[in-house]
Amino acid sequence: MNEDEQVRLENIQEVVGEAAAWLMNSHLPVNADNLMMVLRARRIMVKDPQQKRTLDACVAYLRARIMKPA
């Protein structure tokens, strides 16, 4: 894995962690659907294109994990 991919994965993990913390603080269940809801809402609020790309990558990552057979 090259350095750019590693930084991206770290960013995804950080953003997903922030979304999970928000859900826990709001006393909502932390599951993939709720995480994606928070990430989509956050994407609407941000102005920076890099942050939007990171949030899009987070949603895509979660979708891929949901669709991946166990």
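Biologist: Hi! Is Arg-43 buried, partly exposed or exposed?

Modeller: Arg-43 is partly exposed, at a relative accessible area of 30%. Buried means under 20% relative accessible area, exposed over 50%, and partly exposed in between (1.4 Å probe, protein chains only). Keep in mind that this is a predicted model, where local features need pLDDT of at least 70, side-chain atom pairs count only at pLDDT 80 or more, and totals for chains, interfaces and linings use all residues. Residues are numbered from 1 along each chain as its sequence is written, and side-chain values use heavy atoms, with hydrogens and water left out.

Biologist: Which residue does Arg-43 form a salt bridge with?

Modeller: Asp-56, with the closest N and O atoms 2.6 Å apart. Arg-43 lies in helix α2 and Asp-56 in helix α3, so the pair ties together parts 13 residues apart in sequence. A salt bridge here is a side-chain nitrogen of Lys or Arg within 4 Å of a carboxyl oxygen of Asp or Glu. Helices are DSSP runs (H or I, at least four residues), numbered from the N terminus.

Biologist: How many salt bridges are there in the whole structure?

Modeller: Two. Glu-18 also forms one with Arg-42, at 2.9 Å between the closest N and O atoms. That pair links helix α1 (residues 3-25) to helix α2 (residues 32-45), across 24 residues.

Biologist: New topic: what does Thr-54 touch?

Modeller: Asn-11 and Val-15, leaving aside residues up to four places away in sequence; contact means heavy atoms within 4.5 Å. Thr-54 sits in helix α3 (residues 49-67).

Biologist: And why does Thr-54 count as buried?

Modeller: Because its relative accessibility is 14%.

Definitions and conventions:
Helices (H or I, at least four residues) and strands (E, at least two) are DSSP runs, numbered from the N terminus.
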